[in-house]
Amino acid sequence: MYALLADLVLFVHLGYVAFVLVGLALVLIGGPLGWGFVRSPKFRLAHLASIAIVAVEGLAGVVCPLTIWEAKLRIAAGQTVEDLGLISKLASDLLYIEIDPLALTPYYVAFFLLVLASFWLVPVRWRRKAQAAVA
């Protein structure tokens, strides 16, 4: 059961990272193409908050809670990285790289600044224009 929960946390974590990375690409591509959802305040603020959390964790020297949670579940399951199934191993390899976590902080902050700049490049539609009443 712990191994299954660890895999679930791993895939939620991977989804979070994908949302941050793919979200910016969608904004930058979808803005000029007129994709309405990329100008949605809910989408954009959720996206900004997601990378802000990562940048603040990095600046504070805090390890991501999802990483800690997954590791504790793997320990409880008696698993090591070598024990992972193919899909979990691939997901883990995509998510975790062999580098000092502090070395990634400037990249997190730079990506946050790019996301912040995207609010200027592709402005958010804060309010829908009122539809004229049809008489």
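Colleague: Hi! Which residues do ring pairs link into a cluster?

Modeller: Hello! In this predicted model, the cluster is made of F19, W35, F37 and F43.

Colleague: Nice. How many aromatic pairs does the count come to?

Modeller: The count comes to 3 aromatic pairs. One of them joins W35 and F37, whose ring centres are 6.4 Å apart with 10 degrees between the planes. That pair is stacked.

Colleague: And how do the rings of F37 and F43 sit, with what distance and angle?

Modeller: The centres of F37 and F43 are 5.6 Å apart and the planes meet at 70 degrees, so this pair is edge-to-face.

Colleague: Is F43 buried or exposed?

Modeller: F43 counts as buried, because its relative accessibility is 17% and the cut-off for buried is under 20%.

Colleague: What about W35 and F37, then: what are their accessibility values?

Modeller: W35 has 33% relative accessibility, so W35 counts as partly exposed. F37 is partly exposed too, at 40%.

Colleague: New topic! Which residues make up the largest nonpolar core?

Modeller: That core has 9 residues in all: V20, L24, L48, I51, V54, F111, V115, F119 and V124. Two or more of its residues come from each of α1 (2–33), α2 (41–60) and α5 (101–121). As a general point, nonpolar side chains in soluble globular proteins tend to be buried together.

Colleague: What does V20 touch, leaving out residues up to four places away in sequence?

Modeller: V20 touches H47, S50, I51 and F111.

Colleague: You also listed F119. Which residue has its charged end over that ring?

Modeller: R44 does, and its charged end sits 4.6 Å from the centre of the F119 ring.

Colleague: Back to α1. Which elements do its buried residues pack against?

Modeller: They pack against α2, α3 (65–77), α4 (86–95) and α5. Among the buried residues of α1 are A6, L10, H13, V20, L24 and V27.

Colleague: How far apart are the end C-alpha atoms of α1?

Modeller: They are 44 Å apart. At 1.5 Å a residue, the 32 residues of α1 should span 46 Å, so the two values agree.

Conventions: Residues numbered from 1 in each chain as written. Predicted model: local features only at pLDDT ≥ 70, side-chain atom pairs only at ≥ 80, totals over all residues. Heavy atoms only, no water. Phe/Tyr/Trp six-rings, centres within 6.5 Å; stacked < 30°, edge-to-face > 60°. Buried < 20%, exposed > 50% of the residue type's maximum accessible area, 1.4 Å probe, protein only. Lys NZ or Arg CZ within 6 Å of the ring centre and 35° of its normal. Core = buried A, V, L, I, M, F, W, Y, C linked by side-chain atoms within 4.5 Å. Helix = DSSP H or I, 4+ residues; strand = E, 2+ residues; numbered from the N terminus. Contact = heavy atoms within 4.5 Å. Expected span 1.5 Å × (residues − 1).
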